[in-house]
Amino acid sequence: MSTTTPTRKRPKMRVDLRQYGILAALAVIVILFQVLTDGRLLLPGNLNNLIQQNAYVLILAVGMVIVIIAGHIDLSVGSVVAMVGAVAAISMSQWGMPWWAAVIISLLLGAAVGAWQGFWVAFVGIPAFIVTLAGMLLFRGLTLVFLTGGTINALPGEFNAIGGGWLPELFGTIGEGRGSRDILTIVLGVLAVAMLITQQVRSRAKQRKLDLPVERSVSFWIKNGVAAVVILALTFQLSAYRGTPIILIILAVLILLFTFVLNQTVFGRHVYAIGGNFFAAQMSGVKTSWINFFVFVNMGVLAGLAGVVTTARAGGAVASAGQSFELDAIAAVFIGGAAVTGGVGTVIGAVIGALIMGVLNMGLSILSVDAAWQQTIKGLVLLLAVAFDVMSKRRAGRR
Amino acid sequence: MTAILSMNQITKDFSGGVRALDGVSLEVERGHVHAICGENGAGKSTLMKVLSGVYPVGSYGGSITFENHETAYRSINDSEADGIVIIHQELALSPYLSIAENIFLGNEIATRGVVDWPKTNREATMLLARVGLDELPSTPVLELGVGKQQLVEIAKALSKQVKLLILDEPTAALNDEDSAHLLDLINSLRGQGITCIIISHKLKEIRRIADTVTIIRDGQTIETFEMKEADATEARIIRAMVGRDLDSMFPPHTPEIGDELFRVESWTVHHPVDTTRKVVDDASFSVRAGEIVGFAGLMGAGRTELAMSIFGRSYGSHISGTAFKEGKEISVKTVSEAIGHGIAYATEDRKHFGLNLIGSIAVNISAAALSKLSRFGIVDRFAENKVAEDYRGQMNIKTPNVSVLAGNLSGGNQQKVVLSKWMFSGPDILILDEPTRGIDVGAKYEIYGIINDLARQGKAVVVISSELPELLGLCDRIYAISEGTITGEIDRADATQERLMHLMTAGKD
């Protein structure tokens, strides 16, 4: 390698078009509804609602994509959301716990639920479909037991802010009254762009230094340029409403954290290895049972968090909370390009999948399309997305 | 003397210019038990698939005459209608259906689509009596052992008015008692006028029941003779089976053998489901540093099972025996323990056990030793890519870069990825199971070179192979294994194909 001549062409990395296919689909849907709604889709208020309303799907999809990569499924998350919400509300309104203790209890309860299901899947060897189908009934039943007194309302404001609040306007605003903009939100947007570009440039430099294949400069800068413009535009719009939703910060942390976990950690690698070829993973010394167990514990914790967020945004706990949340999360993951057979999927894909569903919901609601038709359209989108995936794979197989 | 079947000058080519059959001729006398012998890959199974219509007429050359008419089977249904039934090594019964339902599956006794159960059960009972199986026809097949399932298959064949019964290694999965019973049954079927073709590796078995034997090698008939002839000896069969040409060249190899590195004593493994059957029986062997040791055995002899059971008990049940590394006893109860002791096992079945086909080359190479590339559970992906790129160069893996998926590589390159994975785990002992299966000649030569390099670095290498020329060209010492027992050990200087084949077919008495 030391004999490299300066004129030698560095190997170029090929761009994975499949990943960009979903992103393009999201862009098309956003533009379509932006036109159909006469520009109302991306108004500051709607953008804010899009984030706060869909936070639960995003959180669940991040956990679900890991479950699905490992080759499993989790049907119980909707019921877990309801049960955790009920326990959180009870802990504050009846046991008099502070809001932060309620959050900790919720996450621990989620972890316990995950450990319970993980035990049956990983160590007893019952298919996850059955274990979590049982969990779906079990935890919904327990929710009803906990909420025999009916709905619990009047939760502390700090707790409700997790789902429906905003960061304080630390740096004040530009302008006064209507049309004023929160400076903090804009600062955060600029910071995010700066971090993104720095990280990308650094990793590119390191690839160069190690003489590894790098992406072409043109596509590298176009990609990051587009990302920067989108982030800045979105934060600029948000700043005109009530600032940065607290949940947006939580989501950003989760997405970054789990992208890192799946790509850069031994745990993440083992998850892909198990889903890709269980026997090969076992024969390579991967502790398959423990990995499966922790995949479910992780899903449980995230379902607990989704329970907190849902209860906080609703401002109370009801027994019917979280109905069909599992289906939203599973749909998001598959629209995001995960494989039904396991081994394939990304956090960012799942997030884009969840956003596609979210934009569809919001756009159709603004157009006041009947709820029955909304369901129908979402069902078709899911089917077409997976059909596209299956067919493109078959084409790749023939090549 | 009348022939029920004659196959003339059968040729069969597969895509990619592989000639599996190259002018095979076979005459089977009516009412005889005709044995077909040959090494793995000699063309026995292909020949039977041609006969039974699995490969339809037109896809092969030559002609087949059965019962005095030329056949033109387009599917297995056509040949079954003529009374030719083939029973494969992997039994094809539906486990949750009853014996009677299995016997008449696809051939139900019914009027206008409604099954006549009383008649079905009565007929099934009669068939079971003929094959000597004392079970109720309503018993689900999954409650039967492999031996009894085989009898159900034969009953099924009898229900189809079989004239020519083909059995592909029928006793390979049976214990001694079931094997004996099956051979008796074949004998009695011969008495009822049913002609049998039996494919078998077990020479004792052939001597016991066959009237005639045909030996096939490299897609050609070598010879056919009557077992009652005076010179019809096992030695004659062996002589005809071996002697495959050396189709590969071997890189020069000068062994520098050091001290004993790895030793296994009294290793016994039972079948994972049929726990009464010993798949490996009291096997002991050793490997020294810098030594390449071969394991010769035919398919089903227990070679892979021996290796996999040593590698973290990945196969079998009731495993007993001890493993020693550098004279000290070690525990190899899990795969991670085995890897921790410096053992690597590159599997025979790359696609099932070796590779994550939807993962990149880099991910596959690092899979067994991620801990070397990570700190606090975080993988250094740059280092990982660097390692993979290094192996790509060193092993000459033909690919533009290491982010290509393993599933998109050719067999030879996939094997190099598997070898890279295990070399990166830094092993002292490498067990390579069929390292050149399904690989072209050029890649084979490269892999032999890699194996030599590993030995030169002082590693102990075990090569399991069913290709005798490969073992003779590569190994310093060869163990032969047959029916789960190590039947002999030969040094390179004394080894010949005939001696090895003799040991490989030396069954239990």
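In chain B, 48% of the 509 residues are buried; buried here means 20 or more other C-beta atoms within 10 Å of a residue's own, with 12 or fewer counting as exposed, anything in between as partly exposed, and the C-beta atoms placed from the backbone. Keep in mind that this is a predicted model, where local features need pLDDT of at least 70 and side-chain atom pairs count only at pLDDT 80 or more, while totals for chains, interfaces and linings use all residues. Residues are numbered from 1 along each chain as its sequence is written, and chains are lettered from A and ligands numbered from 1 in the order in which they are written.

Staying with chain B: there are 17 helices and 24 strands, taken as DSSP runs numbered from the N terminus (H or I and at least four residues for helices, E and at least two for strands). The C-alpha trace of chain B spans about 70 × 50 × 45 Å along its principal axes.

Now the core. The largest nonpolar core has 254 residues, and among those with the most contacts inside it are L60(A), M64(A) and V333(A). By nonpolar core I mean buried Ala, Val, Leu, Ile, Met, Phe, Trp, Tyr and Cys joined through C-beta atoms within 7 Å. Helix α12 of chain A, residues 288–314, gives the most to this core, with 15 residues.

So what does α12(A) cross? Helix α6 of chain A, residues 157–164: the two axes come within 7 Å and cross at roughly 105°. Axes are lines fitted to C-alpha atoms, for helices over the stretch in contact, with angles from 0 to 180 degrees between N-to-C directions. In α6(A), F159(A) and I162(A) are among the residues that meet α12(A), whose side includes V308(A) and R313(A); contact means C-beta atoms, placed from the backbone, within 7 Å.

Last, the interface. It takes 25 residues from chain A and 29 residues from chain B. On the side of chain A that touches chain B, α10(A) gives the most, with six residues.

Note on methods
Contact = placed C-beta atoms within 7 Å.
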